[in-house]
Amino acid sequence: MERSANVYRYGLIHVEVRKVRKVAIIGAGMTKFARRHFKTPQELVQEASIKALEEAGLGYNDIDCVVIGSAPDAFDGVHQKGEYLFPAMNKPMTRVFIGGATGVMVPISGYYHVASGMCDKVLAIAEEKMSQARPHPQAVFRYIWDPILETPIGPNLLWIFAMEMHRYMYAYKVPKEDIALVSVKNKANAADNPYAQLGGRITVDDVIKSEVLVWPVNRLDVSPVSDGAAAVVMVSEDVARRYTDTPVWVAGVGWTLDNTEWTGRDLSYNRYLEIAGRMAYKMAGIERPNKEIDVAEPYDPFDYKELMHLEALQLAPKGKAAQLVKEGVFNRDGDLPSSPGGGLLGVGNPIAAAGLMKVISLYWQLKGTAGKMQVKKPVYTGVAQAWGDLMQASTVVVLRR
Amino acid sequence: MWSKKGRIEDLIFWKGNMEVEAYEYDEGNAGKKFIEGIKEGKFYGIKCSSGKVYVPPRDYCPEDMTEGNYVELTEPYLDLLTEVREDSYGNKLEKPIKVGIIRFLNAKGGIIVRVEGDAKEGDKVKVIKWEWPLVVGKA
Amino acid sequence: MIRYVPKAKYSYSAGQAQSVFLNGLKEKKILGTVCNKCKKVYVPPKMYCEECFKPTDGWVELKDEGIVHTAIASFVSWTRDRLEEPIISGTIKLYGSERDYVFPGMFHRICTTYDKVRDMSIIGAKVKAVWNEKRVGSIEDIQCFKEV
């Protein structure tokens with residue numbers, strides 16, 4: 001096997017990026033994100049898939065392989081995800097799952113399906129129906145905690161974010177007001193996104209004065225609970241050249257899981273994302289991310305999370321992302337637009353579908369079809385990312401046009 | 001040094017109950033059509049461009065993800081039959097219940113039903129109760 | 001819309017390391033495992049070292065004291081009902097230096113006031129475990145960690 005010098009090492013990680021086939025995204029589609037869809041998951045997936053296939057100029061029977069992703073089965077209360085999610089039949093299908101990072105793992109899996117030479121045309125789908133669990137999806141989130149050591153204390157999912165946010169605020173002396181600017185920016189960006197659930201003009205004051213859920217997290221620091229689906233069509237180079245003049249190439253992918261005990265880890269910095277990001281950058285030949293990345297789609301289920309992720313992706317110095325938000329660097333007309341489509345805070349958070357939505361938003365930016373969401377500067381390279389499990393896992397995709 | 005004790009009496013087990021008040025599942029477009037059909041005493045399936053019919057219907061064809069047309073299906077027959085003697089928790093039922101799958105000629109798929117009387121596999125059946133779960137008996 | 005109430009009951013195994021840890025709590029001891037190769041101490045304990053990928057080399061008893069790594073005050077319950085009095089919890093660093101990225105740490109309630117969480121004065125504070133009178137070998141044998 002031909003080997004390149006493209007070796008990525010970090011601690012125990014040793015990844016050799018061998019010479020593989022180029023992979024492009026040539027179509028993307030998603031449903032509107034909403035608090036509750038009355039369609040079945042299959043119907044949501046079908047809506048997103050058909051849009052993606054239409055853009056790609058392909059029919060369902062042209063597809064070789066299928067990748068699906070959705071969050072833990074307890075969220076929608078169904079175990080048989082293959083049958084339940086996927087609306088069609090007779091294709092090799094893989095389900096991928098790594099918690100909240102699943103949404104970006106779906107196109108990564110699609111990438112290696114094609115890059116390996118196994119399949120030429122892959123339909124990669126992510127879906128989530130958060131509205132099915134009663135009284136609130138919060139109740140099911142409880143079971144991501146360790147049943148013996150953590151659940152007896154009575155935590156809910158917000159705790160983990162609050163703990164991380166408070167450590168971040170403490171370690172880098174970042175005030176809540178500065179963090180709230182991310183929520184303001186993303187919700188305003190989402191106002192131009194036709195798929196968004198919660199776009200709008202709000203102020204820092206609105207965020208600070210909204211209900212305190214778990215100090216330091218207020219209601220408007222959090223992305224909404226949503227239903228939705230998203231899909232992309234990923235193909236090999238020769239197929240891409242045949243079907244479109246504007247393919248968007250997958251330049252690099254990376255993913256990591258950090259150590260298994262979140263209680264014994266510094267919560268102010270996301271080491272796992274740095275590792276995953278560097279892996280993707282290495283593959284894409286990016287040496288100075290903050291200079292070479294034109295647009296970023298960091299995962300933002302909470303506003304502070306976008307800041308931490310920008311830092312771990314090496315797009316902002318440690319603890320300085322909030323300052324750069326203040327200076328407008330991450331605005332749609334800034335030097336390094338971040339979440340120009342509105343992110344999870346604005347568009348909504350159907351877990352797996354939200355991750356894929358991040359990749360799709362980036363795809364639109366690179367293709368130049370983002371419409372009112374299009375950033376001002378010309379864009380050539382972008383990064384999208386998701387994060388999952390108990391502050392452990394991260395998935396990164398670098399796209400290039 | 002592997003400081004493993006390995007004796008089961010030294011280990012702790014923790015009982016947990018996955019509490020969720022309930023799940024609320026949506027039937028979706030095709031599901032509604034199907035359930036409304038049952039209330040009116042009709043079975044609906046979906047006819048694809050290839051000519052094949054699928055039951056229960058879906059919002060689209062499973063073959064190629066294109067839209068199909070609803071068609072009414074008649075003359076169900078009992079394809080599979082089994083007897084249930086225990087409930088989901090392993091408790092013995094007072095009286096065994098019969099469940100089966102009914103299918104239609106020229107249609108793919110089937111519907112789970114309760115079976116009453118002495119209908120056998122392959123027999124034509126008629127619906128005794130147009131309610132969920134459906135109850136059928138020998139035609 | 002179809003409604004279904006699940007009844008999912010489980011018996012989770014605490015396994016080798018955690019069983020010893022839980023039985024240690026019964027005797028007011030916080031036990032961890034140690035790896036002699038990288039000197040890492042694991043609390044909650046593990047039977048293997050994550051860094052060296054080999055079995056850990058034995059047990060150590062840690063002090064039931066530590067410093068607060070992070071703290072929060074929750075006004076919502078796990079079903080998202082509003083709570084009048086917040087539950088205050090956080091992670092406690094039991095051992096090691098402030099600069100460590102990975103350390104033995106515990107997640108538990110912290111006995112302090114909402115104000116101290118709000119102004120962050122509790123973060124970095126030294127705390128000690130408050131043990132329950134009746135202990136059964138559960139994480140609940142510790143009532144909370146309280147400032148000293």
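Are H4(A) and H15(A) parallel or oblique to each other, and what angle places them in that class? In this predicted model, helix H4 (residues 102–115) and helix H15 (residues 351–367) of chain A pack at an angle of about 60 degrees, and their axes lie 6 Å apart. H4(A) and H15(A) are therefore oblique to each other.

On the H4(A) side, the contact is formed by Thr102(A), Gly103(A), Val104(A), Val106(A) and Pro107(A), while H15(A) contributes Ala352(A), Gly355(A), Leu356(A) and Val359(A). Six residues of this contact are nonpolar and three are polar, with no charged residue.

| Pocket | Volume | Lining by class |
|---|---|---|
| Largest pocket | about 1200 Å³ | 20 nonpolar, seven polar, nine charged residues |
| Second largest pocket | about 970 Å³ | 28 nonpolar, ten polar, eight charged residues |

The largest pocket is lined by 36 residues, and those closest to its centre are Thr40(A), Glu27(B), Gly31(B), Phe34(B) and Pro56(B). Elements giving two or more residues to this lining are helix H1 (41–56) and helix H3 (81–85) of chain A, and helix H1 (28–39) and strand S8 (111–115) of chain B. H1(B) gives the most, with six residues. Because domain 1 (26–73) and domain 2 (75–139) of chain B both give residues to the lining, the largest pocket lies between them.

In the second largest pocket, 46 residues form the lining, and Phe75(A), Phe141(A), Leu157(A), Phe161(A) and Ile351(A) lie nearest the centre. Helix H2 (73–76), helix H5 (137–141), helix H6 (157–172) and strand S13 (381–388) of chain A each give two or more residues to this lining.

Terms used. Residues are numbered from 1 along each chain as its sequence is written. Chains are lettered from A and ligands numbered from 1 in the order in which they are written. This is a predicted model: local features need pLDDT of at least 70, side-chain atom pairs count only at pLDDT 80 or more; totals for chains, interfaces and linings use all residues. Side-chain values use heavy atoms; hydrogens and water are left out. Axes are lines fitted to C-alpha atoms, for helices over the stretch in contact, and angles run from 0 to 180 degrees between N-to-C directions. Helices (H or I, at least four residues) and strands (E, at least two) are DSSP runs, numbered from the N terminus. Angles under 35 degrees count as roughly parallel, over 145 as roughly antiparallel, 65 to 115 as roughly perpendicular and the rest as oblique. Contact means heavy atoms within 4.5 Å. Ala, Val, Leu, Ile, Met, Phe, Trp, Tyr, Cys and Pro count as nonpolar, Asp, Glu, Lys and Arg as charged, and the others, Gly among them, as polar. On a 1 Å grid over the protein atoms alone, a cavity is a set of points where a 1.4 Å probe fits but cannot get out, and a pocket is an open set with protein on both sides within 12 Å along at least five of seven lines; lining residues have an atom within 4 Å of a point. Grid points are joined across faces, edges and corners, and a volume is the space filled by probe spheres set on the points. Domain bounds come from an automatic or database domain assignment.
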